[in-house]
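Please look at the structure below together with its sequence.

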Amino acid sequence: MDPPQTSHLSPRKKRPRQTGALMASSPQDIKFQDLVVFILEKKMGTTRRTFLMELARRKGFRVENELSDSVTHIVAENNSGSDVLEWLQVQKIQVSSQPELLDVSWLIECIGAGKPVEMTGKHQLVVRRDYSDSTSPGPPKTLPTAVQKISQYACQRRTTLNNCNQIFTDAFDILAENCEFRENEDSCVTFMRAASVLKSLPFTIISMKDTEGIPCLGSKVKCIIEEIIEDGESSEVKAVLNDERYQSFKLFTSVFGVGLKTSEKWFRMGFRTLSKVRSDESLKFTRMQRAGFLYYEDLVSCVTRAEAEAVSVLVKEAVRAFLPDAFVTMTGGFRRGKKMGHDVDFLITSPGSTEDEEQQLLQKVMNLWEKKGLLLYYDLVESTFEKLRLPSRKVDALDHFQKCFLIFKLPLQRVDSHQSSWQEGKTWKAIRVDLVMCPYERRAFALLGWTGSRQFERDLRRYATHERKMILDNHALYDKTKARIFFNYCGA
């Protein structure tokens with residue numbers, strides 16, 4: 001038997017890295033001269049980085065092997081903006097320019113499109129710590145444009161309609177609502193602030209490290225965030241959703257005209273469904289509640305933007321029939337760009353009208369709509385506004401302008417595009433509408449007050465009081481340091 005052949009066991013020579021192949025593309029291959037990309041290898045790995053570099057270059061992007069002053073975009077994977085700046089510090093790399101710090105998803109979208117795509121909030125890596133006081137060598141004091149300090153005030157934060165943290169904000173919205181049902185104001189505000197600041201973030205929270213430096217996230221809030229990160233849900237939120245009291249209050253308050261006191265009364269009486277409430281002959285309902293039950297199915301369905309725009313046309317037609325120079329502005333969520341809402345709010349003001357004409361307008365509009373069969377219900381609240389009254393110190397202050405809470409009968413043919421919220425076979429839909437009439441010189445403050453979200457308005461008043469030494473409400477701005485009221489900032 002022949003002895004087995006032994007293979008030569010000398011060490012293999014490693015194939016040399018093709019560094020030349022990874023050099024920046026030749027000028028004739030670059031389609032986008034003003035865009036220079038550097039891909040961070042940290043947490044990505046050499047193989048994936050090399051693959052992305054080659055792929056991007058084939059599409060005409062200029063990708064550098066090394067970070068230099070020419071780089072305009074730094075791309076990273078599974079890194080926060082803080083992580084990128086820390087890496088720059090450790091590597092003792094200084095960049096005199098201000099490159100964008102972006103998630104790798106942006107580059108992948110660019111490659112797929114074959115051209116640079118728009119940088120949105122979900123792409124940007126935001127530094128949530130203050131590096132300006134750092135004495136260690138590293139990045140310059142002028143930080144990249146994506147670096148921003150997050151304010152504790154909602155009115156000082158840019159919040160888009162693109163919510164990157166909905167799994168967390170939905171949880172805190174539920175907890176805040178439950179606290180409101182139980183009249184626990186402090187906890188309600190805590191959860192509302194947490195939801196508000198998380199909605200403003202242009203990145204998704206994927207680890208507890210991402211919450212560092214973010215205001216309004218106390219220990220209790222962070223415990224809930226950590227549980228959701230680890231388990232995908234919060235046990236506290238789950239318990240609230242299964243709580244009979246929360247379910248009942250959620251159901252009862254969905255009826256137009258039913259508040260917390262009425263919900264508490266019905267719950268204590270043992271009611272758990274609306275059918276039981278409706279059928280109980282011992283209960284007496286207000287006119288508003290009767291309308292709420294009568295048009296319940298329509299009122300609990302969402303109002304689309306197309307429906308809101310159709311209502312807007314009809315409101316403007318009615319108002320300008322009596323005050324031709326009137327400004328009629330849709331406010332609330334629709335003015336902020338939302339596509340859906342639960343009601344439609346309008347602020348009305350007229351620069352050339354007298355005080356009597358202002359006071360009579362809403363009643364005239366109601367009479368006109370009643371004649372046309374467009375009014376299902378209305379409640380006109382007269383003005384208690386006093387010109388010399390100082391702004392309210394309350395953060396949740398209600399204004400004293402004349403207003404009308406109504407249910408409008410919107411004909412199907414007035415809607416430009418038919419929406420799924422219409423019940424089959426119906427030719428009209430009941431829509432909740434609020435009309436507010438304010439003096440022209442107070443329009444700026446009223447418009448601000450009726451446009452922002454609830455938390456935005458609370459923080460706006462807090463910011464005015466604590467940071468500017470002023471008092472702000474829907475009527476005016478009062479400067480405490482100068483004892484002066486500002487009210488006629490209107491513009492057109």
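Aspartate 83 is buried, with a relative accessible area of 4%; buried means under 20% relative accessible area, exposed over 50% and partly exposed in between, for a 1.4 Å probe and protein chains only. The model is a predicted one, in which local features need pLDDT of at least 70 and side-chain atom pairs count only at pLDDT 80 or more, while totals for chains, interfaces and linings use all residues. Residues are numbered from 1 along each chain as its sequence is written, and side-chain values use heavy atoms, with hydrogens and water left out.

Aspartate 83 lies in helix α2 (residues 81–90). Helices (H or I, at least four residues) and strands (E, at least two) are DSSP runs numbered from the N terminus. Setting aside neighbours within four places in sequence, aspartate 83 contacts Lys42, Lys43, Asn78 and Lys209, where contact means heavy atoms within 4.5 Å. Lysine 209 is 126 residues from aspartate 83 in sequence, with 10.0 Å between their C-alpha atoms.

The axes of α5 (residues 185–199) and α17 (residues 454–466) come within 10 Å and cross at roughly 100°. Axes are lines fitted to C-alpha atoms, for helices over the stretch in contact, and angles run from 0 to 180 degrees between N-to-C directions. Helices α5 and α17 are therefore roughly perpendicular, the class for 65 to 115 degrees; under 35 is roughly parallel, over 145 roughly antiparallel and the rest oblique. The contact of α5 with α17 has two nonpolar, two polar and six charged residues. Ala, Val, Leu, Ile, Met, Phe, Trp, Tyr, Cys and Pro count as nonpolar, Asp, Glu, Lys and Arg as charged, and the others, Gly among them, as polar. On the α5 side are Glu185, Val189, Met192, Arg193 and Ser196, and they meet Arg454, Gln455, Arg458, Asp459 and Arg462 of α17.

Now consider strand β8 (residues 344–349), where six of six residues are buried. Val344, Phe346 and Ile348 point one way from β8, and Asp345, Leu347 and Thr349 the other. In a regular strand the side chains alternate between the two faces of the sheet.

Which strands pair with β8? Strand β6 (residues 327–330) pairs with β8 in the antiparallel sense over four bridges; two strands pair if DSSP finds at least two bridges between them. Valine 328 has isoleucine 348 of β8 as its bridge partner. Strand β11 (residues 428–437) runs parallel to β8, joined by five bridges, and aspartate 345 stands opposite aspartate 434 in β11.
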